[in-house]
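Take a look at the sequence and structure below, and then we can walk through some details together.

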Amino acid sequence: MQERKNIYFISDLHLGVEGKDTTEAREQKAVRFLQSIENDAKRVFLLGDIFDFWFEYKKVVPKGFVRLFGQLAKMTDMGIEIDFFCGNHDLWQRDYFKKEMNIRVHKEKTKEFVFNDKVFVLGHGDRLNKKEYVYCFIRNAIFANPLCIAIFSILPPRLGLSFARLWSKYSRLSHKESDMKSLGEKESIYIFCQQYIEKRKADYFIFGHRHIIQEYKVGESSWYINTGSWLNALYYAKWDGQKLTLEKVEF
């Protein structure tokens, strides 16, 4: 049996919304990718916005995604660790992923992990721009507010999920085309990485959120990697225990 040593990172599948292909086709590609790594994967990090919208009622979850869920459950049953970072589109997580698929859910803005003495800083990538005052206020005051979540959960699922999907679509369309262009060292996440290494050691920063494939050196020896969005191109990052690479899914 092949040794399990690789750690994989993907983000921004945005399942539930159409892109260059249908959400069903994108889900099938995600499943094929996961199947292709299940024999060598030690751990998989899903770095947020895997779904274009997600909300868990006490006894109801959004329909669909059964192929993906089945594959993820199969992988955790095989002993592969899977971590899910909540993005700005799928932050309303409760305990469904943990109970049904044994997946760890992280709601932190960023979190450190150490693999082979290398420090990885991971997260979705939102909330890192200190100038996004309006977004941070709305997210904290409304979407992450326990009272607002409780009120929303009172709505019948059909009404609540329909409204939420409209809001998710509006949020996505509100981004200007210029927001999807690389800003290099002026990138807000890149600036966050610079400020981070001024205070503590980090070797790799891996995020999503920006929908742009990016790979930049930070300082003398750190790297910022952005895995982009599967709405545009299918990329992932892989750590093999010695080096980190940004690779394209080839089918």
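Is arginine 127 buried or exposed? Arginine 127 counts as buried, because its relative accessibility is 17% and the cut-off for buried is under 20%. Please keep in mind throughout that this is a predicted model.

## A charged pair in the interior

Arginine 127 has a partner: its side chain meets that of aspartate 126 in a salt bridge, at 3.9 Å from N to O. Aspartate 126 is buried too, with a relative accessible area of 1%.

Another salt bridge links lysine 201 and aspartate 203, where the closest N and O atoms are 2.6 Å apart. Aspartate 203 is also a buried residue, at 8% relative accessible area.

## A network of salt bridges

In total, the structure holds 14 salt bridges. One of them pairs arginine 104 with glutamate 81, and the closest N and O atoms there lie 2.5 Å apart. This pair ties together distant parts of the chain: glutamate 81 sits in strand β3 (residues 81-85) and arginine 104 in strand β4 (residues 104-106), 23 residues apart.

How exposed are the two partners? Arginine 104 is partly exposed, with a relative accessible area of 34%, and glutamate 81 is partly exposed as well, at 27%. As a general point, side chains of opposite charge can pair when their charged atoms come close. Through shared partners, salt bridges join Arg43, Glu81, Asp83 and Arg104 into one network.

## Strand β9 and its neighbours

Now turn to strand β9 (residues 222-227). Of its 6 residues, 5 are buried, so the strand is largely enclosed by the rest of the structure. Strand β7 (residues 204-207) runs parallel to β9, and 4 bridges join the two. Within this pairing, tyrosine 204 has tryptophan 223 of β9 as its bridge partner.

Strand β8 (residues 213-218) pairs with β9 in the antiparallel sense, over 6 bridges. Here valine 218 stands opposite serine 222 of β9. The hairpin of β8 and β9 has 3 residues between the strands, and glycine 219 takes a positive phi near 65° there.

## Cysteines

How many disulfides does the model contain? The count comes to 0, with two sulfur atoms needing to be within 2.5 Å to qualify.

Cysteine 86 counts as buried at 4% relative accessibility, and cysteine 193 counts as buried at 0%.

Note on methods. Residues are numbered from 1 along each chain as its sequence is written. This is a predicted model: local features need pLDDT of at least 70, side-chain atom pairs count only at pLDDT 80 or more; totals for chains, interfaces and linings use all residues. Side-chain values use heavy atoms; hydrogens and water are left out. Buried means under 20% relative accessible area, exposed over 50%, partly exposed in between (1.4 Å probe, protein chains only). A salt bridge is a side-chain nitrogen of Lys or Arg within 4 Å of a carboxyl oxygen of Asp or Glu. Two strands pair if DSSP finds at least two bridges between them.
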